[in-house]
Amino acid sequence: MTKILKIEAFSGASGDMFLSALAQLTNSFDELISLPALLNFGDHAEIKITDVMKNGISCKHVKVIDKVHQHHHRHLSDIIKIINESSLNDNAKKIALDIFAIIGKAEAEVHNIPIEKIHFHEIGAVDSIIDICGTAFLLDKLNIKNSYLTTLNTGKGFVNTAHGKLPIPTPATKLILEGIPYNYGEEEGEKLTPTGAAIIKYLNPQFNQISTSDLKTAYGAGEKDFNLPNVLRLSISEITNQAQNLIMLETNFDDMNNEFLGIQFQNQLLNIGAIDFYLTQVIMKKGRPGITLNIICEQSNLDEISNFILNFTSTIGVRYYPIQRIELNRKFTQIETEFGKFNVKVSQMPNGEEKIKPESNEIMESALKNNISPDYLSNLIKERYEKNN
């Protein structure tokens, strides 16, 4: 099954919250102690890990201590230099640079100045640099490619910053959140920091409701206390049966040569993004026989598919509406037989059993070549799979 990082930011998110939760998920608290040295901060910073309780939830808080207290207003180029000269591996460096780029782009747009001239205030401090680079280090170690955001709370009201008092979410945070659903919640105070928002943006989570089975859960504590527990909950989860948000597109024909709806037409539908389609014979107005074409596709393919239908059929209009589809998890493998190798699709059913389906075109081609029944060959492939698994 596909593993995914589930993010439950019901009390917001910040760099230290991500750092704490990811360290618990990866059993890496001891390794965090060496972060300042990896970033060549030497004796300028240290990591302090404490046990805390947040509304009865026992967890740890990772705090970066700036021992020099020099609040440098670093440019993005300064931060890039720190990261590139660090001892982080290449992928962790890329993750950290991507997160800083998200913040820099938002700050540049808010202040209407080129990104290379942006002064990073709070984000340029040693603790924020270590928070982001530590998160990059742990995300690389976790090695999960997909994420899922269940909820995101920003808090509300106003917050004091280096630029003065600003609304929550702050302008930079709000820009970072474009395209990401969130709520303000009921409590005053900043729950989502620019760093927390940028990490979520980097992770590029999906938001549509999915069914998951959690394998391991961790809590990362923030410094503040609210009525809600000020923790970020992260889980390593497996996607079970996933509901997909798709589009059903349909149209009717009663004045078209049906031969034009043959294999070439159908192959082109698949080429431009149709996930599935079917043709149905119907009786239309005035008793005329006709055909209804139904196509399932993603929203992003709607325009190309509808344009193709309007250009290459006799219809003058199409209908579409959102649908949801639940799919079984599947994998693809190859089975070796005396008649050659065959690609097989294996789907996992909710009861744990498997559905096995060899590729029909490969079976037919081999059956004709070897003068055997396609049913015999299909059953042989299934038997070989079951024997080997």
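Colleague: In which loop is Gly-157 found?

Modeller: Gly-157 is found in the loop between strand E7 (155-156) and strand E8 (158-161), where helices (H or I, at least four residues) and strands (E, at least two) are DSSP runs numbered from the N terminus. This is a predicted model, in which local features need pLDDT of at least 70, side-chain atom pairs count only at pLDDT 80 or more, and totals for chains, interfaces and linings use all residues. Residues are numbered from 1 along each chain as its sequence is written, and side-chain values use heavy atoms, with hydrogens and water left out.

Colleague: Why is Gly-157 called buried?

Modeller: The word buried means under 20% relative accessible area, exposed means over 50%, and partly exposed lies in between (1.4 Å probe, protein chains only). Gly-157 has a relative accessible area of 19%, so it counts as buried. Not counting residues up to four places away in sequence, Gly-157 touches Leu-166, Pro-167, Ile-168 and Glu-188, a contact being heavy atoms within 4.5 Å.

Colleague: Why is Ile-49 called partly exposed?

Modeller: Ile-49, whose place is in strand E2 (residues 45-54), has a relative accessibility of 28%, which falls between the two limits and therefore counts as partly exposed. Leaving aside neighbours within four places in sequence, Ile-49 is in contact with Phe-29, Ile-33, Lys-60, His-61 and Val-62.

Colleague: What makes the pair of Phe-308 and Phe-312 tilted?

Modeller: Rings of Phe, Tyr and Trp (its six-membered ring) pair if their centres lie within 6.5 Å, and planes under 30 degrees apart count as stacked, over 60 as edge-to-face and the rest as tilted. A search of the whole structure finds 3 aromatic pairs. In the pair of Phe-308 and Phe-312, the ring centres are 5.0 Å apart and the planes are at 35 degrees, so the pair is tilted. Ring pairs also link Phe-265, Phe-308 and Phe-312 into a cluster.

Colleague: Which of the two, Phe-308 or Phe-312, is buried and which is exposed, and how do you know?

Modeller: Phe-308 counts as buried at 11% relative accessibility, whereas Phe-312 is exposed, with a relative accessible area of 55%. The two residues are 4 apart in helix H10 (residues 302-312), and are therefore separated by about one helical turn.

Colleague: Why is H6 described as largely enclosed by the rest of the structure?

Modeller: H6 is described in this way because 14 of its 17 residues are buried.

Colleague: What makes a group of residues a nonpolar core, and which members of the largest one touch the most other members?

Modeller: A nonpolar core is a set of buried Ala, Val, Leu, Ile, Met, Phe, Trp, Tyr and Cys residues joined through side-chain atoms within 4.5 Å. The largest one has 64 residues, and Leu-5, Phe-18, Leu-32, Ile-130 and Leu-234 touch the most other members. The largest share of this core, 10 residues, comes from helix H6 (residues 126-142). A second, separate core of 18 residues includes Met-256, Leu-261, Leu-293 and Ile-305.

Colleague: How do you know that strand E1 (residues 3-9) is joined to E12?

Modeller: Two strands pair if DSSP finds at least two bridges between them, and 6 bridges join E1 to E12, which run antiparallel. Strand E11 (residues 212-221) is joined to E12 by 9 bridges, again with an antiparallel run. In E12, Ser-237 is the bridge partner of Ile-4, and Leu-232 stands opposite Gly-220.

Colleague: What makes strand E12 mostly covered?

Modeller: Of the 9 residues of E12 (residues 231-239), 8 are buried, and the strand is mostly covered.
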